[in-house]
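This report is written for a reader who meets the structure for the first time. The sequence and the coordinates are shown below.

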Amino acid sequence: MVEREKTRNDDVPLDDKAKRMRDLLSSFYNPDHSSAPKPPSDYENLDAINSTSFDPDHYMNVLVQKSNLEGLLRRHVEMAAEIKNLDTDLQMLVYENYNKFISATDAIKWMKSNIVGMQANMEQLLDKIMSVQSRSDGVNTSLFEKREHIEKLHRTRNLLRKVQFIYDLPARLSKCIKSEAYADAVKFYTGAMPIFKAYGDSSFQDCKRASEEAIVIIVKNLQAKLFSDSESIQARAEAAVLLKQLDFPVDSLQAKLLEKLEQSLGDLQLKTVRIENILLESNDPSKQGKAFESIPSTGHEVSVHGFAEAIRAYRVIFPDSESQLIKLAQNLVIKHFEMIEQCVKSRISSANFLGALRTIWTDVLLMDEVLSEAALPDFSLEAGQVTVKKYVASTFTYLLQDISDALLKVKVSPNEAAEEHALKLALEASKKAVLQGSMDLLLDFRQLLDDDLGLLVKLREFIVDWVQEGFQDFFRALDDRFLLLSGRKNPSSQDQVLSEGALGEKVLVGIALVLAQLSVFIEQTATPRISEEIAASFSGGGARDYENGHAFASGEICQIFRSSAEKLLHHYINMRTQRVSTLLRKRFTTPNWVKHKEPREVHMFVDLFVQELRAVQSEVKQILPVGLMRKHHRSDSNGSTNSSRSNALLDDRMSRSNTQKGRSQLLETHLAKLFKQKVEIFTKVEYTQESVETTIVKLCLKSLQEFVRLKTFNRSGFQQIQLDVQFLRTISRENIEVEDAIDFYLTRYELRSFHVIVAASERCFDPVPLEPPILDKLVQVKLARSKEQSK
Amino acid sequence: MVSFHRFVSIKKKVKSWSSGAATMQGGYSGIGYGLKYQSRCISDVKADTDHTSFITGTLSLREENEVHLIRISSGGTELICEGLFSHPNEIWDLASCPFDQRIFSTVFSNGESYGAAIWQIPELYGQLNSPQLERIASLDEHVGKINCVLWWPSGRHDKLISIDDENLFLWTLDCSKKAAKVQSKQSSGMLHYLSGGAWDPHDINAVATTCESSVQFWDLRTMKKTNAIERAHIRNANYDMKNNHILVTAEDESGIHIWDIRKPKIPVKELPGHTHWTWTVTCNPEYDGLILSAGTDSTVNLWMAPASAEDEATSESIAESPTQQADPLLNSYSDYEDSVYGLAWSSREPWIFASLSYDGRVVVESVKPFLSRK
């Protein structure tokens, strides 16, 4: 170890001692041997005296064995020196330590003496601080009063300034009034208001009064400004705002202004009313449309314009007044439409209607500009929808009225001369009314459709629907009306009673025929044309869904009218035959046929009978077309020609062989079987003069036959019937005008009358006919007499 | 009087008629039967519960009149003449007694005067060579034209009603004593010429009579008018057997009306009727709303027109839209050659009816094919 130290120290020769000292010290203070060098090798182990595992004996042995004497001696010397060195070092260390200990003790001693005086110092310091504080408090309290005073003074000054302001207020206000700086004035006044409120009753009474007076002036001025139309809207709005700031009851103002507006609205309406009146007065159709368009462009439009302006202003002035304005505007629109509806009630042309609508629409658009919130177009669309619908409906009602009027005109001219053609006229007039009326109607509606007015454009689909629906309903109503007029329907409700009461019995019968023919006309001519027209210009629509396709179903209408035409025709025939039946019933119930006297002349009932038939003839001739004889003749039955001839033949034979009772009887039954009764009695009635007339004649003769069957006759009674029928036959033969019709007529008339005689002979105890010469003579007498009468 | 020879000839005639009818209607046929003379009236023999039979009489002014009792053969294909009896005068009305099949009433005329009588068919008429009708009673209190004799349709009742032009008679009939007594009599009043009547099957005391201008209702206990339907030219009236208060009337020109007699102002329903006069109308005894009418246009029409309360609404709508309603006319039988005056439902087989046209032809038809349709 020493050796190593030495070698190490050899490198650093300087301070060799200090180094060693340090090492020693560190080894002393560092008892931890972990940092000790690694276990020495054999040799080193030998050298490592400082290590704990040092074995002195082993060391000695190794040393002795290795070294020679000289080396041992040298070693000995070295060791001795080292030991000496170590001793001195040790000594030095002890000294040094001791020194340090002494100095530490000294320091502690010094410190102890110093700390004793510190407590006193600290207390002293506290005292001083305390005194400083008390001094500062003293200063504070002594200055406080003054500061208070200063503050008070300051407040007073401010107050004084305000008072000054208030005193100056009236003057200032008047100045403002002069300069019209109302905004400033109001600002001042509202500023001063709290003070006035607080002290107005005492200190500042005069001041307050003065300024209030000024404010009153201001308010007045402002109101004036507000109401003056000449002021700019901005200024008026400001005035309103100022007034509001002045706590002036603006609501009442608003109401007042609104009133004013309403008033102007009323004026507007008055004007429109006048317009409408003018319109209604100008019945000249050429002027109508123009009149309407020219007038509003001057007066009406201007006033509406003014109204719109007023609304605009009002809105600016009272921004929160929308709802009222909306109500007002809507009111206007409603009133407008009401007016139109009023007019619609009293029948106006579509041009006028259009004109009116147009006026309204322009108004609406004008107002919409200023008051878009009101949604006036939509609103008026709704109102307009109702109105247009009503218009359409009323137009149809008028058409219906026209048609019934045309029909009822027959009654107006009851004198005999007119009678001849009354029905014909009625038919023509009503035909015209139906067709022309419907066409005009469609034309009118077309105008509505074609117009580019915004309102109508939007309603177009609806209009199409309404028109179609309207026609449908119209025709249904017309059908009803027909049935009503014909008296076929039981008048259960009042209005029916009314219209029926107006009709004379005589006209009623004929009118059924007119109605029947009119129904045919509607079915065959009018409906197709109308549906054509509708298809051409009223297609589309379909705003609503229809379960059965189109609203206007011409097929259905045709069917309705076909069936009602049939009904009416039958009704007519019924009424006619009924009258004859009544006649016959009277004829057959009164006399005692079993005790009848010999016939001297044709019974007068035949006159009435013929008269009835003549009436039928005349009515039928007026209304119905002439049928095609040949066609009838052939289509009815081919056999009838033969039978009619044989009938005439047999007839002759019968009159010849009339004396022979048995044979005639045989003949009767034979004939009865020959002409099967029912075969040709009740064929379908056609809409021709011949068909209707023969049907009536047939039915009447059938009735006659039935009445005869219910009675029992003696010979004279039978002969009377024979005579009457013979006369009827003669008359009817004379009535045949067309050559061709003779055959046709004979088969109907002759056969029927023959059946009557057969029936009478069956019900007779003693059916002996009159001798032909007597029969002829009596008939001729009657003929001559009736001719005389007609002259 | 009636020879055997004649009887046979009639039977032959029957066959020819029926075969003719069969071919005419193609498959379904009405069965025909020919009377010798013209005739107006036919009646169902209601009391005969074993057979479907009808009784009919001829109307001949100058010949000897007959009463025919006819029966549908068991196969239903033929009409058999069960009995043929001579009758002193032409028969204007004939009604079978509802509780005794051998008794019936007739109204007859010799052309100048009228009479009414109750007859009884002799018991063993089949074995007799020329059976004579036994006259039980004569209803001989009448003066003017007698219109009809009515039996109460619903059962045994010893009363009879006879109606002439001006009076209404209520008779008490005693079959065993063979006597009829007038129990009460009432004049119809001035200007009311009675034409016929009907006895309410639901009310033994109610009778309806028809006259020129109205239908009048009588209470038989007091013989006073209780009600009236003011309607002109009613020719025939018939009570609905199934529904109380329902009366069907037939009018000359204006068709058939169905009335609820509690509401005499407006008819419940209206049917078009016939092309000429509607002569008679009769309600089916079993099937509700089935009505048969006959007219002088030589047709018989079968209608379906229920008149129950629930139908009142639809009847109103009929007036409004006649095209949309189902046609009430089920069928029109037109195979007649003259006016049809006689019409009767069979009460035993209520789907069968007999009709009689003036030329003396009885046609029995079944309405079964039309029943299935409803």
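## Basis of the description

This is a predicted model, in which local features need pLDDT of at least 70, side-chain atom pairs count only at pLDDT 80 or more, and totals for chains, interfaces and linings use all residues. Residues are numbered from 1 along each chain as its sequence is written, chains are lettered from A and ligands numbered from 1 in the order in which they are written, and side-chain values use heavy atoms, with hydrogens and water left out.

## The interface of chain A and chain B

The size of an interface is often given as the accessible area lost when the parts come together. Here the area buried between chain A and chain B is about 3000 Å²; buried area is the accessible area (1.4 Å probe) that two parts lose on being put together, summed over both. Carbon and sulfur atoms give 48% of that area. Chain A brings 30 residues to the contact and chain B brings 36 residues, where contact means heavy atoms within 4.5 Å.

Between the two chains there are 14 residue pairs in polar contact, both residues being at pLDDT 80 or more. A polar contact is a pair of N or O atoms within 3.5 Å; within protein, one must be able to donate a hydrogen and the other to accept it, and residues adjacent in sequence count only if both atoms are side-chain atoms. On the side of chain A that touches chain B, the elements that give two or more residues are α19 (554–589), α24 (689–709) and α26 (741–762) of chain A. Helices (H or I, at least four residues) and strands (E, at least two) are DSSP runs, numbered from the N terminus. The largest share, seven residues, comes from α19(A). By class, this side of chain A divides into eight nonpolar, 11 polar and 11 charged residues. In that division Ala, Val, Leu, Ile, Met, Phe, Trp, Tyr, Cys and Pro count as nonpolar, Asp, Glu, Lys and Arg as charged, and the others, Gly among them, as polar.

Two salt bridges are counted between chain A and chain B. A salt bridge is a side-chain nitrogen of Lys or Arg within 4 Å of a carboxyl oxygen of Asp or Glu. A salt bridge joins the side chains of A:R763 and B:E90, with 2.7 Å from N to O.

## A covered strand in chain B

In strand β28 (residues 361–366) of chain B, six of six residues are buried; buried means under 20% relative accessible area, exposed over 50%, partly exposed in between (1.4 Å probe, protein chains only). Both faces of β28(B) are covered, with B:R361, B:V363 and B:E365 on one side and B:V362, B:V364 and B:S366 on the other.

Strand β28(B) pairs in the antiparallel sense with β1 (residues 31–34) of chain B over four bridges, and with β27 (residues 352–357) of chain B, also in the antiparallel sense, over six bridges. Two strands pair if DSSP finds at least two bridges between them. B:V362 is the bridge partner of B:Y33, and B:L356 also stands opposite B:V362. A hairpin is formed by β27(B) and β28(B), with three residues between them, and B:G360 in the turn has a positive phi of about 90°.

Over all chains the structure holds 25 salt bridges. Side chains of opposite charge can pair when their charged atoms come close.

| Pair | N to O distance | Relative accessible area |
|---|---|---|
| A:D473 and A:R476 | 3.8 Å | A:D473 43%, A:R476 34% |
| A:D607 and A:K782 | 2.7 Å | A:D607 28%, A:K782 10% |
| A:R709 and A:E706 | 3.7 Å | A:R709 2%, A:E706 0% |

A:D473 and A:R476 are separated by about one helical turn because they are three residues apart in helix α16 (residues 454–485) of chain A. A:R709 and A:E706 are also three residues apart, about one turn of helix α24 of chain A. Both A:R709 and A:E706 are buried.

A:D607 is partly exposed, whereas A:K782 is buried.
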